[in-house]
Amino acid sequence: MSDTMNNVELSEVLGDFGRLIGRVEETGERIGVTDGGEPAGVLLPGAELAELEHFAQRVHGGPRPRPRTVRERPAWPEQQGPYVRYAHTGGVRMTFTRDRVTVAELLSVDELEWLENNARTGRQGYMDPQQAAAFEEFLARQPPVGDGMAWIARGWREQDPFTVLEFLKGPSPEEVALAYGADAQDITDGLLLHQVRERDARDGTDDLFRVLAFGEAGEWTWLGYHDFDNAFSRRLDPPPRQQITLTATMAKAIYDFRYSVDGVYQNPFPLEDSADTRRDMYELIWYTPGETPFAPNAPLSFLNPHIRRAEEHTDWTDGIALFFAGLERAFGLSLPRDAITSGHVRCARPARR
């Protein structure tokens, strides 16, 4: 809140906010409200509140603050001058309308601070459509991060060394492994994939197909596993900010790609099929090199320039490898090639039940 913002005492205007709302509507400026001389809330113009709410919803910033005190509120909307006042449950929040249009809203200091912090974070990633298109084109020209991930496409297609590849942004590798139901002692001991492989060869076991390999590359936690018997829960609460899942089912020739943001699946669909049909997964066999994989209005259309650049500037020829090359550029994905190949990556077995 601005230090120079005008302040009024709540008791002076509680019976009639009309004049105060008129000033907010006319000037478009905030007005602070005090209660016993202490900051209690802020009257915001409706347009400013709409902007804050729009950007704040883009991020998870913890639960919205609850009111510190519960005030008695009128049972019905109240006419105050040309405005109608709607009091919300508890706290100080009120909405003021004129001719059924929201003009202003009174928020508590805590709620406004929460809203502004979240909106600030959400606004940082905003670009208008022209800026976003230019930025995506720039990113599409960039080389992959580290080893990239296209190198694993052929083996993954044959379910080697993993059936499922996941990339999650937000939680640490250890947090994800524990949430998925991995053995805590294996995580503490720093069990490595090659140790499981060597034990299988020595003892005739098949634990290699029942472990969760995990690590960190750039801003992402990566996971690799088979999970043939649903040994891992594959659920996080709250969901990660972003999650990419690639699953290979060689026996059925099904290879699918899923992308979620804050737990919301982005429903990609291909141009080759009906552009109006939304599906519960995107099969990589739908992708044909040389053709734009996603319709312009699809949620994942921003991947198109990255995949086309991979076609133009890499030596990959297999469709799945090219798709992976597009993903690694679009999202900054990478898998440690030498470490995975040699088995010097951390892993854990399912927790004993």
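Is Arg98 buried, partly exposed or exposed, and what is its relative accessible area? Arg98 is partly exposed, with a relative accessible area of 30%, where buried means under 20% relative accessible area, exposed over 50%, and partly exposed in between (1.4 Å probe, protein chains only).

The model is predicted, so that local features need pLDDT of at least 70 and side-chain atom pairs count only at pLDDT 80 or more, while totals for chains, interfaces and linings use all residues. Residues are numbered from 1 along each chain as its sequence is written, and side-chain values use heavy atoms, with hydrogens and water left out.

Across the whole structure, 18 salt bridges are found, each being a side-chain nitrogen of Lys or Arg within 4 Å of a carboxyl oxygen of Asp or Glu.

| Asp99 | Arg98 | 3.6 Å |

Asp256 is buried at 5%, whereas Arg258 is partly exposed at 30%. In the remaining pair, Glu328 is buried at 4%, and Arg329 is also buried, at 14%. Salt bridges also link Glu53, Arg93, Glu105 and Glu111 in a network.

Helix α11 covers residues 319–331, helices being DSSP runs (H or I, at least four residues) numbered from the N terminus. Of its 13 residues, 13 are buried. At the start of α11, a side-chain oxygen of Asp318 comes to within 3.1 Å of the backbone nitrogen of Ile320, and just after the helix Gly332 adopts a positive phi of about 70°.

Notes: Helices (H or I, at least four residues) and strands (E, at least two) are DSSP runs, numbered from the N terminus. The expected span of a helix is 1.5 Å times one less than its number of residues. A polar contact is a pair of N or O atoms within 3.5 Å; within protein, one must be able to donate a hydrogen and the other to accept it, and residues adjacent in sequence count only if both atoms are side-chain atoms.
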